[in-house]
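Here is a short briefing to read alongside the model. Take a look at the structure first, then work through the points by topic.

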Amino acid sequence: MTQTTKQDRVLIFDTTLRDGEQSPGATMSHEEKLEIAEMLDEMGVDIIEAGFPIASEGDFQAVKEIAQRSKNATICGLARANTTDIDRAYEAVKHANSPRIHTFIGTSPLHRAIPGLSQDDMADLIHETVSHARNLTDNVQWSPMDATRTEHDYLCRVVEIAIKAGATTINIPDTVGYTAPRESADLIRMLIEKVPGGDEIVFSTHCHNDLGMATANSLAAVEAGARQIECTINGLGERAGNTALEEVVMALRVRNDIMPYATHIDTKKIMQISRRVSQVSGFPVQYNKAVVGKNAFAHESGIHQDGMLKNAETFEIMRPEDIGLASSSLPLGKHSGRAALRDKLNALGLEVGDNQLKDIFVRFKSLADRKKEVYDDDIIALVADTAGDK
Ligand code: KIV
Ligand code: ZN
């Protein structure tokens, strides 16, 4: 008899309002942040990183109000490794049903050189600041910034210190999008195996997309044992952005056969929040963006359109309704065939005979050679022009 096993849960930590907003030009107003936070909460995000409270009075107020209003999600505030930042972050998030402080410091040689700290001095500072945060709340996340370029021995050492000081989530940032899937997995596996106490806390992955590998690196980390993915809507974030929430969530859903991990995201809300984040941040979504791009469910070529009309699974691995999109689209262009033209005529309620259809098709192809897309009005005009051929 087969036994059904409960799937491992992967927590979704959204940082659209913090790392996403750090993207140059993506600043959102107070009201817009509250609206996005509410949408994230409703769609089932587990942790919302609502901002960086020490950064400005506006950021503090936004995090505080999001904390007061949120119903389900844990609300997290970011803090550097000093007690002033940590106290400010706690002041903002303490109103939440479930508050979290996220404190970080750059641990790679390049980042250690900036404050000019020795390995030992930085280790002491990590112990002191994580302990301070833990005295304020029992939900503390710690990140060694630029972890993927930190010496492995030192990374293990500081992660162990953070765990002993009370961190409950250890987030491993690939701050500059430098790692690759196998390395991302190996790093998480090494930390879980080598660091004492590593099997008692949650390891998290936080990837940037500089080489276009953020989603692959995040999923590889999950397969190696990470149980929290940090991500943003539309992959908004510094430089080439962060891991896109919609990509990891849909990948875990569509390929659950090989990645059996569950999230609590209501995927039907993906399209709505994607559009809203694009509007409020002023960052358009590229047409061919995975999952939420305008063309992600659009098919122009004759072979694809014909296949789609017979069985959508021929060219789609997700159903549009699963991300909250009404339907796929078959835009008419020069690559389209007779099947899609006939389908469009039917959809427009236009009846034409076989001879007229032949004529319309010839004229449609010639028009499509001159235009990128042939619209409904063009088709209606072609039907009128060829009406005598019935
Ligand atoms: O990319 C990064 O390292 C960060 C940290 C603050 C977690 O965003
Ligand atoms: Zn980041």
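Of the 390 residues in the protein chain, 44% are buried, meaning that 20 or more other C-beta atoms lie within 10 Å of the residue's own; 12 or fewer makes a residue exposed, anything in between partly exposed, and C-beta atoms are placed from the backbone. Please keep in mind that this is a predicted model, in which local features need pLDDT of at least 70 and side-chain atom pairs count only at pLDDT 80 or more, while totals for chains, interfaces and linings use all residues. Residues are numbered from 1 along each chain as its sequence is written, and chains are lettered from A and ligands numbered from 1 in the order in which they are written.

**The chain as a whole**
- The protein chain has 15 helices and 10 strands, where helices (H or I, at least four residues) and strands (E, at least two) are DSSP runs numbered from the N terminus.
- Along the principal axes, its C-alpha atoms fill a box of roughly 85 × 50 × 45 Å.
- UniProt, in an unreviewed entry, places the feature "domain: Pyruvate carboxyltransferase" at residues 10-271; such annotations may be inferred rather than shown by experiment.
- Over residues 10-271 the chain is 44% helix and 18% strand.

**Around ligand 1**
- The shell consists of Asp-19, Phe-104, Ser-143, Met-145, Asn-171, Pro-173, Thr-175, His-206 and His-208, a residue being near if its C-beta atom, placed from the backbone, lies within 6 Å.
- By class, this shell has 3 nonpolar, 5 polar and 1 charged residues; Ala, Val, Leu, Ile, Met, Phe, Trp, Tyr, Cys and Pro count as nonpolar, Asp, Glu, Lys and Arg as charged, and the others, Gly among them, as polar.
- Strands S6 (140-145) and S7 (169-174) each supply at least two residues of the shell.

**Strand S6 and its partners**
- In S6, 5 of the 6 residues are buried.
- S6 pairs with strand S5 (residues 99-106) in the parallel sense over 6 bridges, pairing being at least two DSSP bridges between two strands.
- Ile-101 has Val-140 of S6 as its bridge partner.
- S6 and S7 also pair in the parallel sense, over 2 bridges, and Trp-142 has Ile-170 of S7 as its bridge partner.

**His-111**
- His-111 sits in helix H5 (residues 109-113).
- Why is His-111 counted as partly exposed? Because it has 18 C-beta neighbours inside 10 Å.
- Leaving aside neighbours within four places in sequence, His-111 is in contact with Gly-106, Met-145 and Asp-146, contact meaning C-beta atoms, placed from the backbone, within 7 Å.

How values were computed:
Two residues are in contact if their C-beta atoms, placed from the backbone, lie within 7 Å.
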